[in-house]
Amino acid sequence: MLIQIAWRNVWRNRTRSLVIVAAIALGLWAGIFSDAFMLGMTEQQVYNTIHTETGHVQINKPAFLVNHDLQLRMDNADSVLVGVRKTPGVKAAAARIQLMAMASTAANSAGIMVNGIDPDSQRSVSDLEKLLMEGAYFPSDRSNRILIGKQLAEKLKVRLNSRIVLTLQTAAGDITYSSFKVSGIFQSFDSEFDKQMVFVRKSELQPLLQLPQESASVITVLTNSLEDVDAVEQALQRQLPNLQVQNWKKLSPMVEVTVSTIMQFSLVFVGIILFALAFGIVNVMLMSVLDRTREIGMLMSIGMRPARVFRMILLETIFLSFTGAIIGVSLSAVSVAYFGKTGINLSSMSAGFNAVGFSSIVYPSLGLDFYANITLMVVVIALLAGVFPARRAIKMQPADALRGE
Amino acid sequence: MSVIQVNQLTKTYNETMVPVTALDHVNLSFARGEFTAIVGPSGCGKTTLLNMLGGLDKPSAGHVMIEGQDIAVMEGGALVDFRLHNIGFIFQSYNLIPVLTVKENVEFIMDLQNKPRAESDARVSYLLDAMGIADKINLRPKYLSGGQQQRVAVARALASKPKFILADEPTANLDSKSTETLLELMANLNEKEQVTFIFSTHDQRVIDKAHRIIVLEDGRVISDTAQTKSA
């Protein structure tokens, strides 16, 4: 009967209860949705980093990443690739040559990073083809084609089928030049990537750089899932002790830091909202207790133990908070699911977002564990908020309370 | 044999500059089945005496012995449990639980006593029938008249099968017809259940019904007389 009384007591002053329920619901919704927005943004950043730049795991010679020295290449990359693809947990792998170069047109020139790829195998580890905003992904009947980013195209003032001259240093240290025709222009979610990265066929780059046919400087690996990354990284490192094997977190530490910071900040953010709401809950419950001074005095007079009165007030606080929480969490779940599918288009701010590697279309996302944590936090906050009014109630002396004092 | 024995009961309030003695060395005893009215002018100590008898307030001196147990020295949960099993309360302003129905209000006290459901249901039916409000069983107090609410309060006080019932001005808010009905019902239950009723009252109709009248003045008993039951 205690539960029944507590639940009905919550709705005695319907307006007062609805105001705090609405405050809890809206506060939680705002907190959860903004967390989902931030998490969605970082998840996309991770996805973009992995599927355009690093892969889940990357293999190269030690120190290669310091200055992309062509001398630090893997001459037997193709046979390494065969072993990598057979490793459990590996979904796909592709080799590429990577070196710094100069791109020039009649209008301008720019320092760039040339990626010599095998278009077919690169397709299995990268979303490059999907990022093309115009042109084609290495048409098979055309040679000496190059894919460049939108920002670089603007800087070099080139369009599709324009010519770009690449100035490169061969393996022997000589300077060489070659002309490539723009076959596609891509736009990723990272403007720095679009300014620097260009892609050509590996098979055309190798003779130009006087490199053996099997050689490559980087092997990019995609695993079956994010959970497999650490295991695959360790397995590959054991398999290839002379090479450096690193996962995406080590390759893009800033992304990793951003993700972990936002994950922690998300719960802190909701915690702050709940803490602020706790004062509202205390206020409402205290008013409710003071309004019922005589009744509480009567309950204790006729034989209700203080511990039971305490439990009743705590239950009322939990019911009140939980009603708000259920509405808030449900609203959040529905809106996160809806916008998680449709996305929130912030293209008007795309320049700012892309400058820091975020997509301008954000898909809010939140795991079930987050909702479980929120539920736990609501219970804790409700219990804490209920203690003060409940203590106030049991401190009453029945005779004084019956007089309404 | 007396159910309640009050010895040298004194209560002094020291909350003001000048201490106020609300009860001054009161000695009383109440037998099983008595129907007693405590009367006297406002401030004479009637409510204080009832509070002491019910263990709702602590005396400054003296003892309140109920079947050999001194409730003046009981504390906390033991005192609450003692009240639950031995004392019924009827208040001037009914003090029903507004969120419960008539049935639930009467049932509530038996729920606190952990009585089996069947026993509790049977007792509720019997009492509400005896109080003439069986047809109001599923209504909440706000849909009842003052007289009907006080009848529910009487049923609730009796539900726990207490040794005695303390009623503080139970008819003060009732019209004369409701008062008559309520007094008749209480008198009948007093006879049937042999429960001791102790009223504090100003109401002459209650005084007329009482078997015994105790008059208080300035915290002292100035008269304690038995009277023949009115017809």
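The questions and answers below concern a predicted model with chains A and B.

User: How far apart are the end C-alpha atoms of helix H2 of chain A, and what span should its 41 residues have?
Analyst: Helix H2 of chain A runs over residues 14-54, and at 1.5 Å a residue its 41 residues should span 60 Å.

User: Which residue just after H2 of chain A takes a positive phi?
Analyst: The phi in question is about 70°, and the position comes just after H2(A).

User: What distance separates the centres of domain 1 and domain 2 of chain A?
Analyst: The domain assignment divides chain A into domain 1, made of 2-49 + 256-402, and domain 2, made of 62-242. With the centres taken over C-alpha atoms, the separation is 49 Å.

User: Which element gives the largest share of the side of chain B that touches chain A?
Analyst: In the contact between the chains, 19 residues of chain B meet 16 residues of chain A. On the chain B side, the elements that give two or more residues are helix H2 (76-86) and helix H3 (102-112). By class, that side has eleven nonpolar, four polar and four charged residues. The largest share, five residues, comes from H2(B).

User: Which element gives the largest share of the largest nonpolar core?
Analyst: This core has 119 residues, and those with the most contacts inside it are A:Ile281, B:Val154, B:Ala155 and B:Leu166. Twelve residues of the core come from the element that gives the largest share, H2(A).

User: How many residues are in the other core that lies apart from the largest one?
Analyst: The members of this other core include A:Ile59, A:Ile164, A:Leu222 and A:Val245. The core has 51 residues.

User: Is A:Asn161 buried or exposed?
Analyst: A:Asn161 is found in the loop between helix H6 (150-156) and strand S6 (163-169) of chain A, and its phi is positive, about 70°, although it is not a glycine. Because 11 other C-beta atoms lie within 10 Å, and the limit for this class is 12 or fewer, A:Asn161 is exposed.

User: Is B:Tyr94 buried or exposed?
Analyst: B:Tyr94 lies in the loop between strand S6 (87-90) and H3 of chain B, and it has a positive phi near 65° in a residue other than glycine. Because 23 other C-beta atoms lie within 10 Å, and the class requires 20 or more, B:Tyr94 is buried.

Notes
Residues are numbered from 1 along each chain as its sequence is written. Chains are lettered from A and ligands numbered from 1 in the order in which they are written. This is a predicted model: local features need pLDDT of at least 70, side-chain atom pairs count only at pLDDT 80 or more; totals for chains, interfaces and linings use all residues. Helices (H or I, at least four residues) and strands (E, at least two) are DSSP runs, numbered from the N terminus. The expected span of a helix is 1.5 Å times one less than its number of residues. Domain bounds come from an automatic or database domain assignment. Two residues are in contact if their C-beta atoms, placed from the backbone, lie within 7 Å. Ala, Val, Leu, Ile, Met, Phe, Trp, Tyr, Cys and Pro count as nonpolar, Asp, Glu, Lys and Arg as charged, and the others, Gly among them, as polar. A nonpolar core is a set of buried Ala, Val, Leu, Ile, Met, Phe, Trp, Tyr and Cys residues joined through C-beta atoms within 7 Å.
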